[in-house]
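This briefing goes through one protein structure by topic. Please look over the sequence and the model before reading on.

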Amino acid sequence: MLIRQKAVKTIAAAFCALTVMGAALGIPAQAASASAPYNITIGIGSTETEVRFCWQSGNSAAGQLQIAKTSDMKNNSFPADSTKQAAVAKMTATEGVLNNPKNTDQSIGSFQDESGAALSDEYSDKVTVGGLVPNTSYTYRVGDGTTWSKTYTFQTKSAKDGFSFAAFGDPQMGASGNLANDQAGWANTLKKVYSKYPSLNFLFSMGDQVNNYDHLYTQQKEYNAFFNPDSSADYLQAHILAAYSGNHDFQMGKYYSFHYNQPNLSTLGQTKTNNVDDNNGDYWFRYGNTLFLVLEGNNFYDVSAHDAFLKQAIDANKDAKWKVVSFHQAPYSEANHDGATSADDDTMFMRKNWTKLMDKYQIDIVLNGHDHYYTRTYQMYGGSAVSTVKKGQVTNPKGTVYLTLDSGSGSKYYKYNATADHSFSAVGWQNNEPTYTYAKVTGDTFTLTTYKTSSDTPIDTYTITKTSASPTAAVSTTAPASAASNPKTGDREGGTYLYAALAALALIVAAGCIAALRKKPTARS
């Protein structure tokens, strides 16, 4: 989906124009300093006592994180021992590789904006902080030692008596053809979530945080909109986020990997773009009694790699009561990604092969995105429904329940696929409005309740009660297939939009600008 916006980076007139356009679009403007950090994120850690920060800037020097218990802050000053050094990496990308397969991995300064001006180089900083105390307020800021972000505060939680999280289908900023609307929809969903459930332990996004396949300058704005949907609320700077790549995030090669700091990241499942590793792959994290296993769905043919990863992660967490797998493409969906029915389609391949892994490793729940259409399956085992009796709760069930989540922002929806088999589906819902799924986990129950953001009325509620750790006997399955480093990744339909009026306004303002300041690239999501 192609998105056209003015993004002039290197002269003062362009900077002023962008400021006006950004205000009109509701996109937070980046700070004028090239050192100023942006897209600041608190990422999920290996356990609930760890968080993993990530941010970007135009500064090649290693960034710094200052973090302390809020109670230890005196006169808004950080204690002397609060500074941690970041690992810094120069960011690269492979722009538009889907339509230009010979494109190569390059630094951001090698690309141009839509006016032909060079983009500014970007640098990614990452810091991992462990040993956090549960149920404690922490204050932090990031920067380079001289230029700092504002200070943010987040609250750690305890998983001793259970925990909760909110999951979202593809936010996909820009997919509607109107970035401002998508950003506002995403902000509204997060507002509704925290109004209803202020004590959430973390957020979980199912991939396709961004949309654009072809132009880096457009995807930069999409990242900015995803990470900063409402500057007055600082949702993703004050709450912990788990996320992974979808087929849209994946289209710029390595670029995706610089925006997240994933725990226990494996090279298993990693994709390549023109023989260059994308630095993604499968990863896992443990929260309380639950093991979350995140698979890189864009590498869908290499089943053996995902098999090996699942075995390694599960062997390292043998005492986990619940096992949740998440990946982007949905094996079971009433939309079937707008008509995907052929045997060699990626989602059909996953239905035939990946679901065998879920049986083999006794996975309780699978969470997917991609199809922008809410679907909950029956308990599935061996490729079939264990029972087609529709229930809102089950006890010690056999098999796995699969949930395909609808859009978290309202940017895009798919329709019911009337020609496909839906014998797997217990619940399907599409009302063309944003949704989120609230998950509540205790020692014996795992409840998933999905809401539309326009009301507090649940669309669907499903509770699994488990009185034993392993109710299902493992199945010995293997599903070998040749690895595909760059498999086809789905939809290309969408809209283009041209902000002619805003462009004209920007030119008028630009004509009056006299200062020449170099501005780092904006990022939106």
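How many residues does H3 have, and what distance does H3 reach from its first C-alpha to its last? H3 has 12 residues and reaches 16 Å between those two atoms, close to the 16 Å expected at 1.5 Å a residue. The expected span of a helix is 1.5 Å times one less than its number of residues. This is a predicted model, in which local features need pLDDT of at least 70 and side-chain atom pairs count only at pLDDT 80 or more, while totals for chains, interfaces and linings use all residues. Residues are numbered from 1 along each chain as its sequence is written, and side-chain values use heavy atoms, with hydrogens and water left out.

**The whole protein**

- The protein contains 8 helices and 28 strands; helices (H or I, at least four residues) and strands (E, at least two) are DSSP runs, numbered from the N terminus.
- Of the 525 residues, 61% are buried. Buried means under 20% relative accessible area, exposed means over 50%, and partly exposed is in between (1.4 Å probe, protein chains only).
- The accessible surface of the protein comes to about 18,500 Å², and 50% of this surface belongs to carbon and sulfur atoms. Accessible areas come from the Shrake-Rupley method with a 1.4 Å probe, and for residues only the protein chains shown count as cover.
- Contact means heavy atoms within 4.5 Å. Among contacts between residues at least 6 apart in sequence, 74% join residues at least 24 apart.

- Helix H2 covers residues 179-196. Its 18 residues should span 26 Å at 1.5 Å a residue, and its end C-alpha atoms are 26 Å apart, which agrees.
- The N-terminal end of H2 is capped by Asn 178, with a side-chain oxygen 3.2 Å from the backbone nitrogen of Ala 180.
- The buried residues of H2 include Leu 179, Trp 186, Leu 190 and Tyr 194.
- H3 is mostly covered, as 12 of its 12 residues are buried. Among them are Leu 216, Lys 221, Glu 222 and Phe 227.
- The buried residues of H3 pack against several elements, including strand E1 (38-44), H2, strand E12 (202-205) and H4.

**Nonpolar cores**

- A nonpolar core is a set of buried Ala, Val, Leu, Ile, Met, Phe, Trp, Tyr and Cys residues joined through side-chain atoms within 4.5 Å.
- In soluble globular proteins, nonpolar side chains tend to be buried together.
- The largest nonpolar core has 87 residues, and those with the most contacts inside it are Phe 53, Tyr 140, Phe 165, Phe 202 and Phe 204. H3 gives the most to this core, with 6 residues.
- Apart from this core lies another, of 25 residues, including Val 303, Phe 309, Ile 314 and Met 380.
- Leaving out residues up to four places away in sequence, Phe 202 touches residues including Ile 44, Phe 165, Ile 240 and Phe 292.

**Salt bridges**

- Side chains of opposite charge can pair when their charged atoms come close.
- A search of the whole structure finds 10 salt bridges, each being a side-chain nitrogen of Lys or Arg within 4 Å of a carboxyl oxygen of Asp or Glu.
- Asp 121 and Lys 90 form a salt bridge at 3.6 Å, N to O. Asp 121 is in the loop between strands E7 and E8 and Lys 90 is in strand E5, 31 residues apart.
- Asp 121, at 24% relative accessibility, counts as partly exposed, and so does Lys 90 at 40%.
- Asp 234 and Lys 150 form a salt bridge at 2.8 Å, N to O. Asp 234 lies in the loop between H3 and H4 and Lys 150 in the loop between strands E9 and E10, so the pair ties together parts 84 residues apart in sequence.
- Asp 234 is buried at 13% relative accessibility, whereas Lys 150 is partly exposed at 44%.
- Lys 321 and Asp 444 form a salt bridge, with their closest N and O atoms 3.1 Å apart. The pair links parts of the chain 123 residues apart.
- Lys 321 is buried, with a relative accessible area of 15%, whereas Asp 444 is partly exposed at 41%.

**Thr 449**

- Thr 449 is in strand E27 and is buried, with a relative accessible area of 9%.
- The side chain of Thr 449 makes a polar contact with the side chain of Thr 461 at 3.5 Å. A polar contact is a pair of N or O atoms within 3.5 Å; within protein, one must be able to donate a hydrogen and the other to accept it, and residues adjacent in sequence count only if both atoms are side-chain atoms.
- Beyond its neighbours within four places in sequence, Thr 449 is in contact with residues including Tyr 436, Tyr 438, Pro 458 and Thr 461.
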